[in-house]
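Here is a short note to read alongside the structure. Please keep the model open and find each residue as it comes up.

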Amino acid sequence: MMDVVDDEVAVPDIEEGEKKVDKMGRLLEGREYRVRTFTILNRGERLYMLSTEPARCIGFRDSYLFFQKHKMLYKIIIDDDAKRDLIERDIIPHSYKGRAIGVVTARSVFREFGAKIVIGGRKVIDDYDEKAALERGDTEGELAVPEDRLPPAGEEYNRNQYVAWHGASAVYHTGAPSVPLPVGKALDQKKRKVTVTGDNWMIEHARET
């Protein structure tokens with residue numbers, strides 16, 4: 001049975017790694033997380049992540065396997081008061097009010113994944129455990145996730161790409177139809193009302209096709 005302290009599995013600190021993240025989970029020396037972080041009601045200034053977001057960022061389809069494969073991560077289910085607070089702060093949608101919401105500390109995610117969870121993360125340089133990175137054959141300075149889309153200078157990284165409901169919610173905000181229209185046919189906002197007679201039926205049929 002592993003000890004849990006401050007919502008994290010208790011493991012020894014690594015001196016080099018402690019220069020890259022503080023005890024509350026804030027990254028140091030200009031590093032930024034690839035996913036959203038936030039505080040939780042009655043849990044001080046410690047930073048957390050919705051467990052689904054780092055899971056998707058790292059390549060898991062759901063958080064179940066994320067925690068199964070990475071035993072050093074500890075999942076917390078927040079209470080209703082904390083959930084309401086996250087809804088009011090627009091961190092989770094109101095539709096999640098009745099769901100169990102799992103979170104994980106940002107610090108533990110960085111300890112586990114290092115450069116992979118950092119925007120533009122470089123192997124070894126942005127890893128918490130540099131020795132472990134070198135032992136698995138990583139080349140110092142190489143991009144940890146070369147396929148990641150990094151924004152041009154001055155633009156924000158797209159953290160919403162890992163938010164489960166972000167894509168679906170866009171449909172409701174734009175007013176666009178959720179089902180694609182057939183190619184070549186425009187959406188007719190005002191339906192034409194025409195009385196079809198024996199004389200004009202061929203013309204009207206041609207207009208509608």
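This is a predicted model: local features need pLDDT of at least 70, side-chain atom pairs count only at pLDDT 80 or more; totals for chains, interfaces and linings use all residues.

1. Lysine 20. Where does lysine 20 sit? Its place is in the loop that lies between helix 1 (15–18) and strand 3 (48–50). The relative accessible area of lysine 20 is 3%. Buried means under 20%, so lysine 20 counts as buried.

2. Contacts of lysine 20. Neighbours within four places in sequence are left aside here. Lysine 20 is then in contact with Arg26, Leu27, Leu28 and Arg31, and also with Phe110, Val124, Ile125, Asp126, Asp127 and Glu130. Among these, Phe110 comes up again in point 6, as one of the buried residues of helix 5.

3. Aromatic pairs. How many aromatic pairs are there? The count comes to five. One of them joins phenylalanine 66 and phenylalanine 67, with 5.3 Å centre to centre and 75 degrees between the planes. Planes over 60 degrees apart count as edge-to-face, so this pair is edge-to-face. Phenylalanine 66 is buried at 0% relative accessibility, and phenylalanine 67 is buried at 12%.

4. A pair between two helices. Phenylalanine 66 also pairs with phenylalanine 113; this pair is stacked, at 5.7 Å centre to centre and 15 degrees between the planes. Phenylalanine 66 belongs to helix 3 (residues 63–69) and phenylalanine 113 to helix 5 (residues 106–113), so the pair ties together parts that are 47 residues apart in sequence. Phenylalanine 113 has a relative accessible area of 8% and is buried. Phe60, Phe66, Phe67 and Phe113 make up one aromatic cluster.

5. Helix 5. Is helix 5 mostly covered or mostly uncovered? Helix 5 is mostly covered, as seven of its eight residues are buried. The buried residues are Ala106, Arg107, Ser108, Val109, Phe110, Arg111 and Phe113. What covers them includes strand 2 (8–9), helix 1, strand 3, helix 2 (52–58), helix 3 and strand 5 (102–105). After helix 5 comes glycine 114, with a positive phi near 55 degrees.

6. A charge over a ring. Which ring does the charged end of arginine 99 sit over? The ring belongs to tyrosine 96, and the charged end of arginine 99 is 4.1 Å from its centre.

Definitions and conventions: Residues are numbered from 1 along each chain as its sequence is written. Side-chain values use heavy atoms; hydrogens and water are left out. Helices (H or I, at least four residues) and strands (E, at least two) are DSSP runs, numbered from the N terminus. Buried means under 20% relative accessible area, exposed over 50%, partly exposed in between (1.4 Å probe, protein chains only). Contact means heavy atoms within 4.5 Å. Rings of Phe, Tyr and Trp (its six-membered ring) pair if their centres lie within 6.5 Å; planes under 30 degrees apart count as stacked, over 60 as edge-to-face and the rest as tilted. A charge sits over a ring if NZ of Lys or CZ of Arg is within 6 Å of the ring centre and within 35 degrees of the ring normal.
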